[in-house]
Amino acid sequence: MADKGIIFSAPMVRALLEGRKTQTRRLLSSVRVFGTPERPAFSLKGAELNRALQGADRWRHLDGNGWVWEADAFDYQAPATRTGWMANLPYAPGDRLYVRENFQLLRFGDYEVTKAQPADVRFAATDTLADCDKDVRGYPWRPCIHMPRWASRLWLEVTDVRVQRLQVISDADAIAEGIERHPATPTLWRRGPLIGDQNKVDCTAFPELAFRSIWEALHDKPGERWNDNPWIVAISFDVHHGNIDAVGD
């Protein structure tokens, strides 16, 4: 079990707060290959990881964040056609993830860059002045990556981890990702950001297409897009309100 931060956009933070989101999909961008008596452990990422995932199948969870899978052999391994990998992935059941979101720390009515408590924490996802110019609001937003652990208001207890292709997603999974129903027609799902009249939003009867629109808005780099069908880690979790350190170990 490990504690670590996880970043969410403002719409996804609201989905967590409202109880609509109990899954998240993250790109499989780095693994730590097990060490052996002949070779120390090492990390795979980028092109090397892509090569180790070429033709990947037979994924099996070992324990904790350990996984094993088979993939196409590297050229230097010829004449073999398949090779096995054993590696640690970034997430495992039992992990506790504190949510990082765009925020600001205020003290005595002014904002300041500090990691110290006490301070009033404002959150861009729910601040009533979030969309106003910072001069009107009185303070700028700080990027989520800089949110200290003590300032987080949500944490997630990981209950399940799956490794799969992005497009391998059921309707139930898409709904658990936090997609929104059409405000006037509950059988339809919203696609893309809400703009203008709520009754005229783009919508679909298929949850997968609603989730796809969210993914495409966040991932536009080659190899990460929906049509690229990248390998992802599908994480299921229970949402807890409050700071992670309030519950202890």
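Analyst: One term before we start: a contact means heavy atoms within 4.5 Å. Also keep in mind that this is a predicted model.

User: Got it. So which residues does Trp69 touch, leaving out those up to four places away in sequence?
Analyst: Its partners are Val31, Ala52, Leu53, Ala56, Asp57, Arg58, Trp59, Thr83, Gly84, Trp85 and Ala87.

User: What core does Trp69 belong to?
Analyst: Trp69 is in the largest nonpolar core, which has 34 residues. Leu28, Val31, Trp59 and Trp69 have the most contacts inside that core.

User: Which helices and strands supply at least two residues each?
Analyst: There are two helices on that list, H1 (10-17) and H2 (46-52). The strands are S3, S6 (66-72), S7, S8 (96-100), S12 (154-165) and S15 (231-241). S12 gives the most, with 5 residues.

User: And what does the second core include?
Analyst: That one is separate and has 11 residues, including Leu166, Trp189, Trp215 and Ile232. As a general point, nonpolar side chains tend to be buried together in soluble globular proteins.

User: Switching to rings. How many aromatic pairs does a search of the whole structure find?
Analyst: It finds 7. One of the pairs is Trp59 with Trp69, which is stacked, at 4.6 Å centre to centre and 20° between the planes. Trp59 sits in strand S5 and Trp69 in strand S6, 10 residues apart, and the pair links distant parts of the chain.

User: Are those two buried or exposed?
Analyst: Both Trp59 and Trp69 are buried.

User: Why is the pair of Trp59 and Trp231 called tilted?
Analyst: Their ring centres are 5.3 Å apart and their planes are at 50°, so the pair counts as tilted. Trp59 is in S5 and Trp231 is in S15, so this pair ties together parts that are 172 residues apart in sequence.

User: Why does Trp59 count as buried?
Analyst: Buried means under 20% relative accessible area, and Trp59 counts as buried because its relative accessibility is 19%. Trp231 is buried too, with a relative accessible area of 11%.

User: Which residues do ring pairs link into a cluster?
Analyst: The cluster is made of Trp59, Trp67, Trp69, Trp85 and Trp231.

User: Where do charged ends sit over rings?
Analyst: The charged end of Lys4 sits over the ring of Tyr91, 5.5 Å from its centre. Arg153 has its charged end over the ring of Phe123, 4.0 Å from the centre.

User: OK, sheets now. What's the order of strands in the open sheet of 5?
Analyst: The order is S4-S3-S7-S6-S5, and the pairing is antiparallel. S4 (42-45) and S5 (57-61) stand at the edges with a single partner strand each, so one side of each has no neighbour in the sheet. From one strand to the next, the twist averages 35°.

User: How many bridges join S3 to S7?
Analyst: 2 bridges join S3 (residues 30-33) to S7 (residues 82-88), and these strands run antiparallel. Val33 stands opposite Ala87 in S7.

User: Which strands does S15 pair with?
Analyst: S15 pairs with S2 (residues 23-27) in the antiparallel sense over 5 bridges, where Gln23 has Ser236 as its bridge partner. S12 and S15 also run antiparallel and are joined by 11 bridges. In S15, Ile232 is the bridge partner of Gln164.

Note on methods: Residues numbered from 1 in each chain as written. Predicted model: local features only at pLDDT ≥ 70, side-chain atom pairs only at ≥ 80, totals over all residues. Heavy atoms only, no water. Pairing = 2+ DSSP bridges. Helix = DSSP H or I, 4+ residues; strand = E, 2+ residues; numbered from the N terminus. Axes fitted to C-alpha atoms, helices over the stretch in contact; angles between N-to-C directions. Core = buried A, V, L, I, M, F, W, Y, C linked by side-chain atoms within 4.5 Å. Buried < 20%, exposed > 50% of the residue type's maximum accessible area, 1.4 Å probe, protein only. Phe/Tyr/Trp six-rings, centres within 6.5 Å; stacked < 30°, edge-to-face > 60°. Lys NZ or Arg CZ within 6 Å of the ring centre and 35° of its normal.
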